[in-house]
Amino acid sequence: MPYTPHTKEDISSMLEIIGLEDEDALFDSIPKELRVKSFALPEGLSEFEVFEALKDTGKKNKTDKTLFIGGGYYDHVVPSAVDALSMRSEFYTAYTPYQAEASQGTLQALYEYQSLICRLFEMDVTNASMYDGGTALAEAALMAIRIRKRDKVIVDSGVNPVYKTILKTYLKIRGFEVEEINSESFETDKNEVLSKIDEQTACFIFQNPNFFGSVQDFSDIIEKLHSVKALAVGSFYPVSLGLLKTPGAMGVDIATADGQSLGNYLGFGGPSFGIMVTKKEFIRQIPGRIVGKTVDKENKEAFVLTLQAREQHIRRQKATSNICSNQNLMALRATIFLSLLGKDGFKELSTLNHLKTNYLKDELSKIDNITIKNLTPTFNEFVIKLPKKASKVIEQMSKSDIYAGIDVGKTDKNLDKFLLVAVTEKRTKKQMDRFVKVLKEVL
Amino acid sequence: MSVFDNSKKGRKGVKLPRLDVDTKIEFSNKLLRENKAELPELSELDVVRHFTRLSSKNFSIDKNFYPLGSCTMKYNPKIEEKVASLESFNTVHPHLILNDLSEDIQGSLEIISKSEELFCEMTGMDAFTLTPQAGAHGEMTGIMLIHAYHQNKGNKKRYVIVPDSSHGTNPATASMVGYEVITIKSDKSGDMNINEFKEKMSDEVAAVMLTVPNTLGIFNPNIKEICDIAHSYDALMYYDGANLNAILGVVRPGDIGFDVTHLNLHKTFATPHGGGGPGSGPVGVKEFLKPFLPNLQVEKKDGKYGFKKVSEQSIGRISPFFGNYMVTLRALVYILILGKEGLMNVSKKAVLNANYIRVKLKEYYDMPYDMPCMHECVLSAASLLKEHKVRALDIAKYLLDFGLHAPTIYFPLIVKEAIMIEPTETENKEDIDYFCKKMVDAVTLAKQNPKVFHDLPKTLPVSRPDETKAARELDICQC
Amino acid sequence: MRKYTKDHEWALVEDDIAMVGISEHAVEELGDITFIEAPEIGATLSKGDSAGFVESVKAASDIYAPLSGEVTEVNTRLENEPETVNTEPLGEGWIYKMKLSDIGELDDLMSEEDYQKFLSTL
């Protein structure tokens, strides 16, 4: 039997010690009428057979095409050292670090993760990661509601539509109000937002760069929020923070992000990890695990899980959240990724993304029947208006092995001629030239 | 020494792709970051050495026995990683879903569909959602489904019932979904007290959350009665799958009256714990709850996989896409390798190992529930504390020096100085015997020289970190 | 004289102001205290209302108002020195003061002696 080492002798000597006749007697406490009605699973296979079968299933995917799709998930480089180090079994087969002495590797890595994230976001405190950027945003909203003891949350038009759905799912069930702001353009309708902020507002949620790639200045809005003691909650794109103004510098109260872009594969959407960073004063309201530095009995530097009294295993129904796991291994990957890139490398990565995108943007704006729709500067993603349906263009370009972007019409059926295009450091001039050529042919 | 301590100006660990275009930065100063992020500057070898050294400070399944009750720390088969590294799976962009390009991802969708089918068969449920990303996330999803059911029916429900032996995530989850919690005491046999349960049950109870066997490793023979009573009040039964390893192939929650189930793929289905995650908590439901399932769902039509149009009654979305997809893939590998016989063998050997340990240790520790257990057993160090001032924590620290990770301590909360042991089925008799020997040696030491425990562990990188200092003088960032 | 509740809070009344804290027993059970959240100044509490919580390394415990009244003062020393509750739970480790609205409620609380008897039943 795979993975169980018991020989006949083992079994009989163990049964003898326990005082039972056979293995079936181990289940005597379970009445016969409760036994399985069916357990029709296939026969077990060898490693080779399983690998071949799943490799064949994988071949049914036809996804080996050039990616110009973003929308919060990007085709970034994953340095080989990230794989090599995170795949060390001392990291990936380790347990949650509740026994600190047995887990200093995991704990120190998490402390370094927390430190790197705080420096990246220019904020005071972060946790040891959450599930993903969407649930992190929802938890941030719940946190703002807890902190300000208010029920109303306002969410901007530019927030990732998938995240908005998650936000509504998490909040509506508790009876909290989610007011969605619309906009005529792909940017924030500032006046509309300012008019909606009042003393009942727990927080305003925005995204920068927003889902459509636009980069904006939210200072006015954040100032208004603070004047009525409401919180500014923002969803950010980590790689963009190499170039762009940080949430810390903006005065954001709770910043969230998805960590996929920091050394994790796309993996059809998971696992990734969620980032949540906040101000020092809110530390006791933040959900999730937190690692702290201390000393041991010999005064040696040591790391431990701390502030556990916020968490489910202690507070039970009064916990800040029911969250138990963090996405530890994915956060570890990000830690290694950021350590490899370093101060200059990270800025270079960010700049590369932006400059390459500008090339494609420039080339596309030269095409007559296409318009770039963003009214503000963009980081590595932008919206173009096409003369025909985006879905058609995507379909046709797909035949030339190019994934042209996201059909914005799928988020709003009035926008079915709009295409959201992303470029990363992995896209070459050659690939971008080919994009332009094929698009022209298709139009 | 941290990554920051080892940093030296001018070092870099990655060579990035070339800039092959000539364009300008679009932003004015007010949109730009003022200073570069203070990330460390290290060469690739610096980073490799640093994290390799850190890794050597960890216990891990590949190196150490983890008899952690309630965690099911079984061996993670290497074949899982081999399949997970297939580029045909791990480079797929999730927004191909938004673009509705299902024809390009038939392979990825097949994995989801096949996994759901197998989970249904193993648990006796009618449908599964693979979107929850952890056990607790699954619990939240499950209770939300129950909430939607009641709301749809116009039922006025206020409470969720949990036993006092429940895992903390159960009441925390109920709270998160807006319910109040009623906790029922456990009786002398470790089961939820059926009389108190009958008393506290009412039309206002939305759900009863149970772990079977319970967190003491004991199978409640009244389970069917509990399910029937709950259903008579239109309260739904929720199965917390943390202990599925004990009854896989023996009992299916769907057969005995549960309406909603969650699985822990990182427990029962051998996907790696990763030092704390990622896990995965798929949720199974009975037919009548299908309309409430969250987005995204896969369906097969005319031999092709596609996305099911979610009903209006769906609770919404609890996860961006299909949860921790690559974890699901690993679990599927495990299921295919084991097959029917292998899976049915899991519980047999898990329960065999746990009872063997129970019998070998019962003379040395308090047995709060002196009866056969299932896949885990609970001992207590209460007498050791009383007579020799040695606590469960001290026993745990003693074991570490022998390369044995401590069992779960201080859980469940209803047992004083609890020590919960779950060996899992992948441990061999020799390692189990060694563990038992050290557990006995610990008792001997407690009687002869209890003071020694305060200095343990002695051979690890750190010993007895000051948790009070960590909380009072918070240092969570080298900033 | 100091009076106690079943939830291990104590109240020391002078005129119509009650000083409130948690008992030595509570402190022993909690272990090293790391944080105290006191009720807000100005808050109106009814006897039995949730009035903040005390956090230790391994536990967190709600504190309840022993009597009804309005919170007038909070022990700000505990913000930076939470350990004071461990060392002087009955003195410097007081948590808040309240102006009582119904001094008659004092009769329902336990005396020092009764509280010790109560503890022995636990």
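Here are some friendly notes on this predicted model, taken point by point.

1. Let me begin with the build of chain A. Chain A holds 14 helices and 15 strands. Along the principal axes, its C-alpha atoms fill a box of roughly 85 × 55 × 50 Å. The chain has 443 residues, and 67% of them count as buried. If you take the contacts in chain A between residues at least 6 apart in sequence, 73% join residues at least 24 apart.

2. Chain B comes in two parts: domain 1 covers 78-337 and domain 2 covers 348-470. Their centres, taken over C-alpha atoms, are separated by 31 Å. On the domain 1 side 21 residues take part in the contact, and on the domain 2 side 17 residues do.

3. What do the two domains of chain B bury between them? The area is about 1400 Å², with 65% of it on carbon and sulfur atoms. The side of domain 1 that touches domain 2 has seven nonpolar, 11 polar and three charged residues. Salt bridges between domain 1 and domain 2 of chain B number zero, while four residue pairs are in polar contact, both residues being at pLDDT 80 or more.

4. Chain A and chain C bury about 690 Å² between them, and 48% of that lies on carbon and sulfur atoms.

5. How many salt bridges join chain A and chain C? The count is one: Arg284(A) pairs with Glu55(C), with 3.2 Å between the closest N and O atoms.

6. Over all chains, a search of the whole structure finds 63 salt bridges. One to inspect in chain A is Arg333(A) with Asp83(A), where the closest N and O atoms are 2.7 Å apart. This pair links distant parts of the chain, 250 residues apart, with Arg333(A) in helix α12 (residues 328-365) and Asp83(A) in helix α3 (residues 80-86). Is Arg333(A) buried or exposed? Arg333(A) counts as buried because its relative accessible area is 7%, under the 20% cut-off. Asp83(A), at 23% relative accessibility, is partly exposed.

7. Lys399(A) and Glu395(A) form a salt bridge with closest N and O atoms 3.9 Å apart. Both sit in helix α13 (residues 390-399) of chain A, and because they are four residues apart there, about one helical turn separates them. Lys399(A) is exposed at 65% relative accessibility, whereas Glu395(A) is partly exposed at 36%.

8. In chain B, the side chains of Lys198(B) and Glu225(B) meet in a salt bridge at 3.2 Å, N to O. Lys198(B) belongs to helix α7 (residues 194-200) and Glu225(B) to helix α8 (residues 223-232), so the pair ties together parts that are 27 residues apart in sequence. Both ends are partly exposed: Lys198(B) has a relative accessible area of 38%, and Glu225(B) has one of 32%.

9. Finally, please look at the place where chains A and B share charged residues. Lys60(A), Glu110(B) and Lys114(B) are linked there in a network of salt bridges.

Terms used:
Residues are numbered from 1 along each chain as its sequence is written. Chains are lettered from A and ligands numbered from 1 in the order in which they are written. This is a predicted model: local features need pLDDT of at least 70, side-chain atom pairs count only at pLDDT 80 or more; totals for chains, interfaces and linings use all residues. Side-chain values use heavy atoms; hydrogens and water are left out. Domain bounds come from an automatic or database domain assignment. Contact means heavy atoms within 4.5 Å. Buried area is the accessible area (1.4 Å probe) that two parts lose on being put together, summed over both. A salt bridge is a side-chain nitrogen of Lys or Arg within 4 Å of a carboxyl oxygen of Asp or Glu. A polar contact is a pair of N or O atoms within 3.5 Å; within protein, one must be able to donate a hydrogen and the other to accept it, and residues adjacent in sequence count only if both atoms are side-chain atoms. Ala, Val, Leu, Ile, Met, Phe, Trp, Tyr, Cys and Pro count as nonpolar, Asp, Glu, Lys and Arg as charged, and the others, Gly among them, as polar. Helices (H or I, at least four residues) and strands (E, at least two) are DSSP runs, numbered from the N terminus. Buried means under 20% relative accessible area, exposed over 50%, partly exposed in between (1.4 Å probe, protein chains only).
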